[in-house]
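Work through each task before reading its solution.

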Amino acid sequence: MDERHDGVVASPAESAVGVPVGEGGSAVSVLSSLVSGIGQGTIEVVDLTAPLSDKTPILQLPDPFANTITFGLEEISHYDDRGPAWYWNNIHTGEHTGTHFDAPIHWVTGKDKDDVSQVPPKRLVAAAAMLDFSAEAAADADFVLEVDHIREWERQHGPLPDGGWLLLRTGWDARSNDDALFRNVDDSGSHTPGFSVECSKWLAEEAPIIGVGCETVGTDAGGAVAFDPPFPCHTFVLGSNKYGLTQLQNLAKLPPQGAVVIASPLPIIGGSGSPTRALALVER
């Protein structure tokens, strides 16, 4: 017999609660469909994370500012007399090394806001818009994204996802195995792409996103020290209790709309950020 709800006949392909059913009448949950899609390859898991080693490029601040340490492993035992059946290491790293998550407390404008352990877990899984400006960055290493760039992108691909990420592709991940190319520093300073002052303020105050992601060592352009204010993406975005994801890879594998990003930083109590395994789910 057909089940009816408020006078509406339920579809044979739905259960009494509107959940799709498989053969034999068994309910197929959304999560089961997701896992099945991953297993069958109709949903691809794209790793957005740069491998982490002592060769990973790190930000270098000029004197008199303090710098983070290079990532390092310190062996504890390796199937030897220190531990005959196990291998493990101590790790030495900064919070903002490699692919990492910037929490609002990382910047002075967000000093009274969330540390990385306080970021709500549901905000670590979110839709993503991928804006590809790799051609512009290839032509000009100092390229900065403007609000007009985003508005034109929206005319082609639709609005930025509410509660999602804006991921800026510049092709910079191709440089990640060469520290000098990646940081791109000369006598006049660092030359890497990023966001303009106006765009950073708009992303913080008007855009519906929870944060921005990029392929460079930080979310600000290399020349942003000379902007007014300096480092506007950090200043405005983190100051609005939004987040940053940096040193991402493989953004070229994402569609302009429709991917889901899973960003999993360590929940360091009082932490300003954390190295992060960032993944994207993409329907194929």
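Buried means under 20% relative accessible area, exposed means over 50%, and partly exposed lies in between (1.4 Å probe, protein chains only). This is a predicted model, in which local features need pLDDT of at least 70, side-chain atom pairs count only at pLDDT 80 or more, and totals for chains, interfaces and linings use all residues. Residues are numbered from 1 along each chain as its sequence is written, and side-chain values use heavy atoms, with hydrogens and water left out.

**Exercise 1.** State how many salt bridges a search of the whole structure finds.

Solution. A salt bridge requires a side-chain nitrogen of Lys or Arg within 4 Å of a carboxyl oxygen of Asp or Glu.

**Exercise 2.** Describe the salt bridge of Arg277 and Asp47.

Solution. Step 1: the N to O distance is 2.8 Å. Step 2: Arg277 belongs to strand 16 (residues 273-283) and Asp47 to strand 3 (residues 43-47), 230 residues apart; strands are DSSP runs of E, at least two residues, and helices are runs of H or I, at least four, both numbered from the N terminus. Step 3: Arg277 has a relative accessible area of 49%, so Arg277 is partly exposed. Asp47, at 26%, is also partly exposed.

**Exercise 3.** Determine whether Asp132 and Arg169 are buried or partly exposed.

Solution. Step 1: the closest N and O atoms of their salt bridge are 2.9 Å apart. Step 2: Asp132 has 36% relative accessibility and is therefore partly exposed. Step 3: Arg169 has 17% and is therefore buried.
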